[in-house]
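The following paragraphs lead the reader through the structure shown below, from a pair of helices to a sheet and a loop beside one of its strands.

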Amino acid sequence: MMSLPKVVLHEHIEGSVTPELALVLAKKYGVSLPVGFLYEEGEYDGVDFPSGRYQYDESDFGEFIRTYDVVADLIREPDDYYLVAKDYLSRNSQKGMVYCELITSAHHLCFTELPDGSSELDSRKYHDIMDAIDQAILDVKAEFGTETRLHGCAVRHLNLSDIERSVRFIKDNPRSMITGFNIAGNEMAGHFSDFHYMHDLVDDIPLAKSYHAGEICGPESIRSALDCGAKRIGHGIAAIKDESLMDELIANNITLEISPSSNRILVPEFNQSLDHHPLRRIYERGVRITINTDDAGLFGTDIDKEYQIAEQVFGFSRVELLDITLCALEAAFISDETKQTLMDSVYETFSDSDKDVLKQTCLTLQSGALYERLHARLRCLN
Ligand SMILES: [Zn+2]
């Protein structure tokens, strides 16, 4: 599995911090972490969690958010962001990641309270941090060849004026590595229609859109994300509840960024189990899906672990996983030229036996959206 080329389209930079790195940052700032914040050595499987394990009740969303906030508060200076980005990108590159999109939030990066009680997003701090993240991206590219791009992001559970400020800030502070615009945060707290008036503003930002929807809320949240111009959907697993929506996703080449471990932990209806997760059913229907880490540090995962879950829990074959990697590259917010180079290198990893398996899969399927796509892959390989 390590050698199979993989793509991450959905990872939040603050959520990527491993316990090991959290300890380094806590020490740097003299912060004492809450009692029981991390499992002690011997209390967890060190093979499964090579960089340590956070201790929180996985069935309690509030505890997850509290853990997230403690971790996010440890990342303060440009050097910290360099460390965090470099650590995530290097570790995952060693496990086959060839392309990654990281989600950044100006609100997290540079929200500053002023002496008069008001607040601002500090653009100088922002650009210093972004320069450091760019440097991490370049260093990882030099070492592993991995391409990485960034998203600017509005956090929907903030109040409307904070969201609007983030959107304006992203528009006024373009960065060459930022190729995507994302809306993230608690789906229950802010619906797309709540800030509908802002979408004209968002339309002015020359960035491709991927919006979180259909994770906790239902298919209607995916429809409204699409109405607001999303080309990709973060999570989107609720699509399984709406056949006509799935037809629409297929017809319009909309890609879902699915994160199995994240969904298992955060989506209450799964009850901490992947038994009823629709990953396989959505894929077989022919909808374009990708596999992601979401908040890799918090969930104790990496992209190799998520691909392994797809294989072992959901029965994806190597050829299907390669198809998923190709779907991710096709949906990547990157120039056509770089996209083609990356796709060519993935096609080159198909062995003769992979091609035979692909041929057999097409013969078995005979028709449908998945057949059409896999058959097109076969033509590319010949
Ligand atoms: Zn997310």
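Axes are lines fitted to C-alpha atoms, for helices over the stretch in contact, and angles run from 0 to 180 degrees between N-to-C directions. In this predicted model, helix α16 (residues 352-365) packs against helix α17 (residues 369-381) at an angle of about 145 degrees, and their axes lie 9 Å apart. The crossing of α16 past α17 is left-handed. On α16 the contact involves Lys355, Leu358, Lys359, Thr361, Cys362 and Leu365, and on α17 it involves Leu370, Tyr371, Leu374, His375, Arg377, Leu378 and Leu381. Of these contact residues, 8 are nonpolar, 2 polar and 3 charged.

Attention now turns to the sheet. Strands of a sheet pair through backbone hydrogen bonds, either parallel or antiparallel. Here, 8 strands form an open sheet with parallel pairing, in the order β1-β2-β5-β6-β7-β8-β9-β10. Its edges are β1 (6-12) and β10, each of which pairs on one side only. Within the sheet, β7 (residues 208-213) and β8 (residues 232-235) run parallel and are joined by 4 bridges; Tyr211 has Ile233 in β8 as its bridge partner. Helix α8 (residues 219-227) packs on the sheet, touching β7 and β8, and its direction makes about 165 degrees with that of β7. Helix α14 (residues 318-330) lies across β1, β2 (97-103), β9 (255-258) and β10, and runs at about 100 degrees to β10.

The loop between β10 (288-291) and α12 (296-299) contains Thr293. Beyond residues up to four places away in sequence, Thr293 touches Val8, Glu11, Ser259, Thr301, Asp302, Ile303 and Glu306. Thr293 and Ile258 are 35 residues apart in sequence, yet their C-alpha atoms are 8.4 Å apart in space.

Notes: Residues are numbered from 1 along each chain as its sequence is written. This is a predicted model: local features need pLDDT of at least 70, side-chain atom pairs count only at pLDDT 80 or more; totals for chains, interfaces and linings use all residues. Helices (H or I, at least four residues) and strands (E, at least two) are DSSP runs, numbered from the N terminus. A crossing is left-handed if the near helix is turned anticlockwise from the far one by less than a right angle, and right-handed if clockwise. Two residues are in contact if their C-beta atoms, placed from the backbone, lie within 7 Å. Ala, Val, Leu, Ile, Met, Phe, Trp, Tyr, Cys and Pro count as nonpolar, Asp, Glu, Lys and Arg as charged, and the others, Gly among them, as polar. Two strands pair if DSSP finds at least two bridges between them.
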